[in-house]
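Hello,

Here is the structure we spoke about, with its sequence. My notes follow it.

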2 protein chains.
Amino acid sequence: MDIQRLDKQITFSLEIDKLTGVLRRTLLLDGSRHENSAEHSWHISVMAMLLSEYAAESIDVSRVIQMLLIHDLVEIDAGDTYCYDAKANLDKAERELQAAERIFKILPADQARLVRELWDEFEDRQTPESKFANSMDRLQAMMHNYHTQGRQWRKHGVTSQMVLARNAPIAEGSPVLWEYARKLVESALEKGYLDS
Amino acid sequence: MDIQRLDKQITFSLEIDKLTGVLRRTLLLDGSRHENSAEHSWHISVMAMLLSEYAAESIDVSRVIQMLLIHDLVEIDAGDTYCYDAKANLDKAERELQAAERIFKILPADQARLVRELWDEFEDRQTPESKFANSMDRLQAMMHNYHTQGRQWRKHGVTSQMVLARNAPIAEGSPVLWEYARKLVESALEKGYLDS
């Protein structure tokens with residue numbers, strides 16, 4: 001056994017626990033606190049298992065899940081960037097790239113490469129797996145905002161037009177789920193969870 | 001599209017968010033708070049991705065990850081049962097079985113059956129995938145206890161003999177990782193994180 005290899009893998013496994021301390025803008029469904037990126041990653045991985053039948057194209061669900069499990073690791077260094085914060089999004093790519101360089105390279109080189117490939121694929125939204133993975137990421141946030149009566153949307157002045165623009169890529173991963181998501185926005189408007 | 005089917009899947013996806021409120025006895029690695037079962041499930045799923053080369057037998061990693069993603073869902077109703085609490089473990093199986101009946105059956109019947117099969121397989125520890133999945137579950141808890149200086153072990157009067165007995169099944173999933181885990185126990189004894 002290569003003890004140095006195992007050491008790197010264990011060090012990485014310890015490092016990623018920090019993702020539990022990265023808070024997102026979304027609330028848990030009971031509204032008690034902000035969701036962290038570790039539990040969010042778990043939640044959308046389970047959703048991918050159960051909703052894969054709605055993918056726009058034939059997908060390898062296992063690859064979708066692996067992408068979702070690692071897609072937020074860069075936030076350990078870069079923090080969670082609120083999708084409606086235009087200023088913070090200006091240097092998001094650069095911050096996350098630096099984070100990927102540091103964090104993934106804790107792993108043995110072959111695994112660092114594999115994780116980097118998964119992360120690049122997720123970010124690029126070109127493959128059927130990536131498109132579906134991104135649908136899960138966005139749909140879950142919409143569900144949380146809707147079922148907490150739009151508290152975070154209202155707090156940050158988010159309008160239905162902003163939500164529709166931000167989440168339109170759901171359609172690329174799953175037309176059926178985009179249809180469902182659009183109905184959530186309509187309902188949110190009716191209930192006053194969102195301004196038009 | 002079968003709207004009733006999608007409704008059930010979405011209802012289930014909302015229901016499982018409650019796992020974020022189930023606290024385990026283990027602490028996060030920074031010692032700041034107790035870990036919850038959702039972030040724990042995420043953590044060991046990533047570990048399974050990266051440590052699968054140490055499995056005792058050839059495994060389907062994708063199935064291991066699916067098992068780990070859903071293995072703790074029953075705790076939404078049954079709570080987390082501390083592995084060293086003999087009394088609470090007397091009716092653990094019964095409580096978790098009732099939870100599985102209620103929670104999984106929110107899903108459409110075919111998916112309820114699939115999730116139940118995954119959970120049964122995890123609990124039975126008979127297949128190579130289940131043995132490896134259980135190794136991840138136990139190894140991660142040991143790592144967290146060790147790297148928080150055994151605070152929870154000492155608080156609950158857990159001895160090295162208890163830790164070795166509880167975690168011996170790691171050997172069935174991965175002899176290499178059991179060797180690593182035994183060294184952690186030795187080191188914990190030396191450092192006073194554990195009593196013999």
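Setting aside neighbours within four places in sequence, A:Ser45 is in contact (heavy atoms within 4.5 Å) with A:Ile65, A:Leu68, A:Leu69 and B:Leu69. A:Ser45 belongs to helix 2 of chain A; helices here are DSSP runs of H or I with at least four residues, strands are runs of E with at least two, and both are numbered from the N terminus. With a relative accessible area of 0%, A:Ser45 is buried. Buried means under 20% relative accessible area, exposed means over 50%, and partly exposed lies in between, computed with a 1.4 Å probe on protein chains only.

This is a predicted model, in which local features need pLDDT of at least 70 and side-chain atom pairs count only at pLDDT 80 or more, while totals for chains, interfaces and linings use all residues. Residues are numbered from 1 along each chain as its sequence is written, chains are lettered from A and ligands numbered from 1 in the order in which they are written, and side-chain values use heavy atoms, with hydrogens and water left out.

Helix 3 of chain A has 7 of its 10 residues buried, so it is largely enclosed by the rest of the structure. The buried residues are A:Ser62, A:Val64, A:Ile65, A:Met67, A:Leu68, A:Leu69 and A:Ile70. They pack against helix 2, helix 7 and helix 8 of chain A, and also against helix 2 (37-51) and helix 3 (61-70) of chain B.

On the interface: the contact takes 45 residues from chain A and 45 residues from chain B. About 4100 Å² is buried between chain A and chain B, and carbon and sulfur atoms give 72% of that area. Buried area is the accessible area (1.4 Å probe) that two parts lose on being put together, summed over both.

Between chain A and chain B there are 2 salt bridges, a salt bridge being a side-chain nitrogen of Lys or Arg within 4 Å of a carboxyl oxygen of Asp or Glu. B:Arg5 forms a salt bridge with A:Glu53, with the closest N and O atoms 2.7 Å apart. There are also 22 residue pairs in polar contact between chain A and chain B, both residues at pLDDT 80 or more. A polar contact is a pair of N or O atoms within 3.5 Å; within protein, one must be able to donate a hydrogen and the other to accept it, and residues adjacent in sequence count only if both atoms are side-chain atoms.

Helix 2 of chain A gives the most to the side of chain A that touches chain B, with 11 residues.

On symmetry: chain A can be laid on chain B with an RMSD of 0.0 Å by a turn of 180° and a shift of 0.0 Å along the axis, superposed by least squares on the C-alpha atoms of residues with pLDDT of at least 70 in both. The two copies are thus related as by a two-fold rotation axis. The same surface serves both copies, as 100% of the contact residues of chain A recur in chain B.

One backbone feature: phi of A:Arg125, a residue other than glycine, has a positive value near 50°. A:Arg125 sits in the loop between helix 7 and helix 8 of chain A and is partly exposed, at 26% relative accessible area.

Regards
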